[in-house]
Amino acid sequence: MTSDTPAARRFRVFNRRRSAPSRARRRLGAAVRMVAALALAGGVYTAFTPGAFAEDTRQLSTAAQEGKALYDNSCISCHGRNAEGVADRGPSLVGVGSASVEFQVGTGRMPMTRQEAQAEQKPPHFDEAQTKQLGQYIQELGGGPQIPAGELIEDLKSNPEALAKGGELFRINCTSCHSFGGAGGALSSGKFAPSLNDATAEEIYAAMLTGPQNMPVFGDNEITPEQKRELITYVTQQLQGDKDPGGLFNLGRYGPVTEGLAIFLVGITILVFTSLWIAGKS
């Protein structure tokens with residue numbers, strides 16, 4: 001039989017304390033195991049997704065760095081430090097692409113002098129090189145649509161088929177706002193469709209890609225890049241060239257019917273007064 005003396009009881013308690021870990025030690029061990037598991041999970045994630053880490057540390061091109069300097073000086077107060085936008089000042093620029101920047105900045109619509117129903121065209125604040133640098137910075141920051149490099153319509157200027165197709169596209173998609181002659185027109189809520197008389201090929205292409213103000217976006221699924229070039233050819237060669245189909249007088253550019261009606265009314269009026277004058281003399 002085992003003795004149950006006080007010394008034996010103390011010995012058994014001491015052995016149990018030595019064999020069973022304390023609560024603090026158990027908690028410490030659990031914490032160490034959790035930290036090790038998290039470190040292992042992080043290492044596995046980094047090993048299998050290096051692209052995400054590289055994206056956060058990517059370097060801007062030289063042009064984009066120049067554009068960032070311009071952005072931080074002139075645009076950050078309205079569009080935010082990372083182009084995320086500022087409430088009641090300016091929208092986010094993430095994803096708008098260089099096309100939107102080159103249109104808005106290149107036509108002087110941005111920077112805006114004050115908040116209005118529509119940003120009006122004015123002399124540009126930045127030159128062409130600076131505009132492209134700003135566009136490159138926004139492009140590398142968030143991506144988005146870009147204007148194709150090189151001449152857009154040089155090879156279509158002497159192509160009558162492209163001119164005809166461009167005219168059809170313009171009448172279907174653009175005349176409801178810009179009028180048949182490209183002179184523009186009023187819209188709702190104080191907005192308006194601007195005149196196309198001075199628009200460049202790059203500005204028109206960028207506007208179709210980005211849909212500024214009330215203009216809808218004409219993506220490549222709605223109007224293909226080739227059709228965009230044909231439409232621009234019609235605007236720049238036909239409408240901006242003052243080649244009115246009516247003849248000598250620019251009466252709305254609706255064609256010979258407008259001028260024929262005007263000549264008829266004026267001629268009849270002259271004939272009536274001439275007849276009355278002859279009758280009075282006789």
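Analyst: Gladly, and one term first: two residues are in contact when they have heavy atoms within 4.5 Å of each other. Please also keep in mind that this is a predicted model.

User: OK, then which residues is methionine 208 in contact with, leaving aside its neighbours within four places in sequence?

Analyst: With those neighbours set aside, methionine 208 is in contact with Met215, Val217, Phe218 and Gly219, and also with Lys228, Leu231 and Ile232.

User: And which members of the largest nonpolar core touch the most other members?

Analyst: That core has 24 residues, and the ones touching the most other members are Leu152, Phe170, Ile204, Met208, Leu231, Ile232 and Val235. Two or more residues of this core come from each of α6, α8, α10 and α11 (225-239), and the largest share, seven residues, is supplied by α10. Another core, of twelve residues, lies apart from it and includes Tyr71, Cys75, Phe126 and Ile138.

User: Switching to pockets, what volume does the largest one have?

Analyst: The largest pocket has a volume of about 720 Å³. Its lining is made up of 33 residues, and those nearest its centre are His79, Pro91, Leu93, Met110 and Met112.

User: Which helices supply that lining, and what classes of residue are in it?

Analyst: At least two lining residues come from each of α4 (62-74), α5 (76-79), α6 (97-106) and α7 (128-142), with α6 giving the largest share, four residues. Sorted by class, the lining of the largest pocket holds 17 nonpolar, 13 polar and three charged residues.

User: What about the second largest pocket, what is its volume?

Analyst: The second largest pocket has a volume of about 550 Å³, and of the 30 residues lining it, His178, Pro194, Leu196, Ala207 and Met215 are the closest to its centre. The elements that each supply at least two of its lining residues are α8 (160-173), α9 (175-178), β2 (192-193) and α10 (201-210), and the largest share, four residues, is that of α10. By class, this lining has 18 nonpolar, nine polar and three charged residues.

Note on methods
Residues numbered from 1 in each chain as written. Predicted model: local features only at pLDDT ≥ 70, side-chain atom pairs only at ≥ 80, totals over all residues. Heavy atoms only, no water. 1 Å grid on protein atoms, 1.4 Å probe; cavity = no way out; pocket = protein on both sides within 12 Å on 5 of 7 lines; lining within 4 Å. Points joined across faces, edges and corners; volume = space filled by probe spheres on them. Nonpolar A, V, L, I, M, F, W, Y, C, P; charged D, E, K, R; others polar. Core = buried A, V, L, I, M, F, W, Y, C linked by side-chain atoms within 4.5 Å. Buried < 20%, exposed > 50% of the residue type's maximum accessible area, 1.4 Å probe, protein only.
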